[in-house]
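Dear colleague,

I am passing on the structure we spoke about, and would be glad if you could look through it alongside the notes that follow.

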Amino acid sequence: MPGIAITFTSGKGGVGKTTVTANLAVALALLGRRVTAIDTDIGLRNLDIVMGMENRIIYDIVDVVEGRCHLYQALIRDKRFSSLHLLPASQTRDKTAVTPQDMVAICQELKKNNDFVLIDSPAGIELGFRNALAGADELVVVTTPEVAAVRSADRILGLIESIGKGSSQLIINRIKPSMVRRGDMLDTFDVIEFLAIELLGVVPEDEAILIATNQGIPLACEAKTPAGQAFHNIAYRLLGEEVPFLPIFEEPETLFTRIRRVLRLSY
Amino acid sequence: MTQRPIMPFSRRGQPNSRKAEVARIRIKGTRKGLSIALGKGDWHQLLRKLDARLTQAEAFFRGSQVSLDTGRRDLSQPELEELIHVLASHDIELATLQTVSRLASEAAQALEVRLGLPEPIPTHPDTPVPMEEWSEGLLLRRTLRSGQSLKQPGHVVIIGDVNPGAQVIAGGDVIVWGRLRGMVHAGALGNDEAIVCALELRPIQLRIGSHIATSPDEKESASTGPEVASVLDGHIVARPWTSK
């Protein structure tokens with residue numbers, strides 16, 4: 001059975017697409033799945049850094065497209081998990097070096113030998129974004145609980161609709177429970193209500209993420225941090241299991257929120 | 001009935017002296033697109049009026065293609081050129097010319113303007129011809145997201161939300177069965193009588209005819225319920241949307 005290709009995109013930069021992609025790739029590999037991550041941010045690659053594979057790149061996606069190597073020669077195998085691979089982006093070229101048709105062909109091939117192909121999209125809505133979308137079966141929009149990021153996510157969802165891609169799910173990244181509790185940050189419900197799409201997961205802001213990212217060791221390897229736990233839960237959801245959302249993100253239940261919740265359930 | 005004013009910050013447009021010219025310039029939306037019919041009268045006066053009319057509905061026409069109906073009028077080549085020039089100054093392209101005058105047809109051919117088919121004559125001469133400027137509406141059953149835009153010469157009904165960054169420009173009324181948080185221009189062809197209603201009326205900007213208003217800068221207050229916005233004494237005001 002061929003795997004599925006999932007693209008992680010956001011429109012706005014800096015919301016954590018690459019971190020999310022890397023951590024979910026590791027979390028799925030930990031669960032025994034065959035995973036290949038593709039970095040489509042040609043000219044500004046960084047998935048290799050976050051995954052700690054920077055020094056082992058020999059061929060990249062542009063070499064594959066231009067026929068200088070076979071697809072499987074360009075894949076870098078993870079040192080810890082033999083079922084995890086990365087197809088890195090080229091740093092010396094730009095987005096025009098790859099076409100959407102190339103992406104479709106690459107994803108088709110990789111899906112034959114993987115359970116999951118995770119595609120990290122560049123920021124923006126130009127060719128790089130369209131390349132990242134081309135081979136995707138499913139889409140995950142990543143946002144942070146900021147108005148600007150949520151608006152970008154809305155724009156992206158509109159573009160996905162017009163391109164005619166199927167269903168999208170949402171990951172809310174870098175949420176700060178304490179700020180939400182004080183009412184200083186958009187909460188999960190605000191974001192979901194606005195974007196009106198299915199929630200795949202909520203990842204809390206976690207210093208451990210920053211440290212792990214700098215060291216090139218995706219956090220999901222050591223699961224016992226809040227963010228690592230959140231990534232594991234998302235991985236299980238991608239496998240089709242129902243995992244309740246971490247309790248930390250639930251609003252303290254007052255009479256008002258209870259009414260809101262009950263009303264929402266009846267939608 | 002309480003009225004919630006939406007800070008009006010600008011009022012554009014000309015004094016209301018259009019009564020006479022409505023008979024001479026008719027703008028309507030058809031299945032094939034926008035059509036402008038020019039009636040009798042002095043050609044240059046007509047062009048000036050058309051210019052004024054287009055200026056009023058600038059946003060609506062910009063970048064569009066129109067079909068022109070000049071009926072029986074004999075048009076010379078320079079006269080037709082003037083007309084194309086007026087349209088071009090508003091960024092409008094003349095798609096086709098409908099005429100029954102031989103002279104005008106020849107002028108059009110010389111200027112490489114396509115000739116359109118004249119409107120079909122009603123099979124029953126007694127059939128009343130609709131007199132409204134626009135007659136077609138549009139029902140949209142989805143949410144308009146940021147960056148998406150809808151332009152329609154008639155009325156628009158949306159079942160879904162209009163998110164910030166989305167825009168709806170309609171010649172007639174706009175009804176949103178959902179949250180309206182984007183930009184809406186109702187009566188964009190110069191109709192100040194148009195209305196905008198929504199279950200939650202919080203547009204970033206609201207335009208009706210030649211009037212512009214922004215939403216008051218209040219923090220997320222408790223839901224106000226369905227509201228209808230219209231022009232009252234030169235200002236856009238929102239009132240609760242209740243059955244009359």
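Two strands are taken as paired here if DSSP finds at least two bridges between them. Please keep in mind throughout that this is a predicted model.

In chain A, strand S2 (residues 35-39) and strand S4 (residues 84-87) run parallel and are joined by four bridges; within this pairing, Ile38(A) has Leu87(A) of S4(A) as its bridge partner. Both strands belong to an open sheet of eight strands in chain A, whose order is S3-S4-S2-S5-S1-S6-S7-S8 and whose pairing is mixed. At its edges are strand S3 (76-77) and strand S8 (198-204) of chain A, each of which pairs on one side only.

Towards the S8 end of that order, helix H9 (residues 188-195) of chain A lies across strand S6 (138-143), strand S7 (168-175) and S8, and the helix runs at about 150° to S7(A).

Which cysteines are buried? Cys69(A) counts as buried because its relative accessible area of 9% falls under the 20% cut-off, and Cys197(B), with a relative accessible area of 2%, is buried by that cut-off too. The structure holds zero disulfides over all chains, a disulfide being a covalent bond between the sulfur atoms of two cysteines.

Methods: Residues are numbered from 1 along each chain as its sequence is written. Chains are lettered from A and ligands numbered from 1 in the order in which they are written. This is a predicted model: local features need pLDDT of at least 70, side-chain atom pairs count only at pLDDT 80 or more; totals for chains, interfaces and linings use all residues. Side-chain values use heavy atoms; hydrogens and water are left out. Helices (H or I, at least four residues) and strands (E, at least two) are DSSP runs, numbered from the N terminus. Contact means heavy atoms within 4.5 Å. Axes are lines fitted to C-alpha atoms, for helices over the stretch in contact, and angles run from 0 to 180 degrees between N-to-C directions. A disulfide is a pair of cysteine sulfur atoms within 2.5 Å. Buried means under 20% relative accessible area, exposed over 50%, partly exposed in between (1.4 Å probe, protein chains only).
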